[in-house]
Amino acid sequence: MTAPYTTRIVTAPQPGGPDALRLEETTLAPPGRGEILIQVAAAGVNRPDVIERMGFYPPPPGAPKGLGLEVSGTVLAIGEGVSGFDIGQSVCALVAGGGYADIARAPAGSVLPVPEGVDLVAAAGLPETVLTVWTNVFEAGALKSGERFLVHGGSSGIGTTAIQMAKAHGAVVMATAGTRDKCETCRSLGADHVFNYREDDWAEGVKAAGGADVILDMVGGDYVAKNLAVLNRFGRLVQIAFLKGSRVEIDLMGLMLKRQTITGSTLRARSNEEKAALAAAVRTHVWPWVEAGRVRPLIDSRFALADVAKAHERMDSMAHAGKILLVP
């Protein structure tokens with residue numbers, strides 16, 4: 001029987017700021033049935049990691065210990081019942097935890113080959129964002145070619161991915177961002193209309209641009225009512241986070257009259273089977289866009305695993321554009 005593997009992981013024993021993060025050494029058992037162990041080349045830093053660090057996003061039952069929801073690297077070990085992967089193969093994966101590490105454990109269904117033309121380290125910026133955008137914009141939101149799509153936080157990891165995927169799909173893309181530089185980033189990725197929410201009335205701008213058929217929102221708060229006001233007839237509002245709060249007061253009369261839909265989702269707590277289905281859809285529909293250069297991971301910065309607190313400080317500052325990565 002294969003001996004356990006030694007790895008470093010990042011934990012947050014006590015909720016708090018970036019200084020609450022701890023780098024510790026632990027052992028991993030060999031991969032179980034249906035699992036793959038990945039020698040990590042990089043791990044993506046995501047907003048849910050920050051919320052978990054603060055004590056508000058507990059991992060689902062059975063999740064690997066430690067923070068981190070997406071990785072790239074090479075296949076280190078393969079569990080029983082897994083086919084289609086080889087030792088040493090370059091892969092990226094969605095994980096339920098433990099991605100900030102030297103070695104990560106992933107269900108085989110959530111593991112994807114690194115698309116051709118994508119750097120192995122940069123590939124860590126794909127799984128969480130691409131699967132999130134696919135399930136929310138293309139499945140729940142049912143975005144169609146030619147429709148008008150709005151994403152808030154357009155320069156975030158989710159936002160930069162959503163802009164590119166929606167544009168590759170043939171949508172008219174609108175985005176909001178908080179600085180002129182971030183607005184330029186959104187435009188460079190293909191956004192047709194970009195609004196600086198600190199300087200512009202983005203709601204009026206969206207209305208003038210023809211309104212939105214699908215909106216991807218991670219802000220919440222007073223944005224919810226504004227979203228519904230700019231959403232077209234039969235429009236779909238998809239909620240994935242609430243940076244300005246989840247408790248809102250809205251008048252639903254407009255939703256009734258325009259026959260709009262509000263929906264939302266989380267990804268981490270879904271079953272392995274659901275995640276595998278999403279990964280398969282992404283491989284079929286999105287990987288060709290990535291390999292054609294129409295969708296690419298935009299990397300803001302890279303930090304050593306030992307500097308994880310600095311990576312979270314960067315995330316907390318809201319100054320980043322694109323993905324923040326940790327490199328063991």
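**Overall build**

The model is predicted. Its secondary structure amounts to 10 helices and 15 strands. The C-alpha trace extends over about 65 × 40 × 35 Å along the principal axes. The radius of gyration is 20 Å, which agrees with the value near 20 Å that a compact globule of 328 residues would have. Of the 328 residues, 54% are buried.

**Two loop residues**

D86 and S110 both sit in loops between strands, but one is exposed and the other is buried.

D86 belongs to the loop between β4 (70-78) and β5 (90-94). Its relative accessible area is 53%, so D86 counts as exposed, the cut-off being over 50%. Apart from neighbours within four places in sequence, D86 is in contact with V75 and I78. The C-alpha atoms of D86 and L76 are 8.8 Å apart, and the two residues are separated by 10 positions in sequence.

S110 lies in the loop between β6 (103-107) and β7 (111-113). Its relative accessible area is 2%, and S110 is buried because this value is under 20%. When residues up to four places away in sequence are left out, S110 touches C92, A93, L94, K275 and A279.

**Salt bridges**

How many salt bridges does a search of the whole structure find? The search gives 14.

| Salt bridge | N to O distance |
|---|---|
| R33 and E80 | 3.1 Å |
| E184 and R187 | 2.8 Å |
| D300 and R314 | 3.0 Å |

R33 and E80 form a salt bridge with 3.1 Å between the closest N and O atoms. This pair connects distant parts of the chain, with R33 in the loop between β2 (22-28) and β3 (35-45) and E80 in the loop between β4 and β5, 47 residues apart. R33 is exposed, at a relative accessible area of 63%. E80 also counts as exposed, with 57% relative accessibility. The loop between β4 and β5 that holds E80 is also the place of D86.

The salt bridge of E184 with R187 lies within a helix, α4 (residues 180-188). Why are E184 and R187 separated by about one helical turn? They are three residues apart in this helix, and therefore about one turn lies between them. Both residues are partly exposed: E184 has a relative accessible area of 47%, and R187 has 39%.

D300 and R314 pair through a salt bridge whose closest N and O atoms are 3.0 Å apart. Here too the pair links distant parts of the chain: D300 is in strand β14 (residues 299-304) and R314 is in helix α10 (residues 308-317), 14 residues apart. D300 is partly exposed at 22% relative accessible area, and R314 is partly exposed at 28%.

Technical notes:
Residues are numbered from 1 along each chain as its sequence is written. This is a predicted model: local features need pLDDT of at least 70, side-chain atom pairs count only at pLDDT 80 or more; totals for chains, interfaces and linings use all residues. Side-chain values use heavy atoms; hydrogens and water are left out. Helices (H or I, at least four residues) and strands (E, at least two) are DSSP runs, numbered from the N terminus. The radius of gyration is taken over C-alpha atoms; the globule rule is 2.2 Å times the number of residues to the power 0.38. Buried means under 20% relative accessible area, exposed over 50%, partly exposed in between (1.4 Å probe, protein chains only). Contact means heavy atoms within 4.5 Å. A salt bridge is a side-chain nitrogen of Lys or Arg within 4 Å of a carboxyl oxygen of Asp or Glu.
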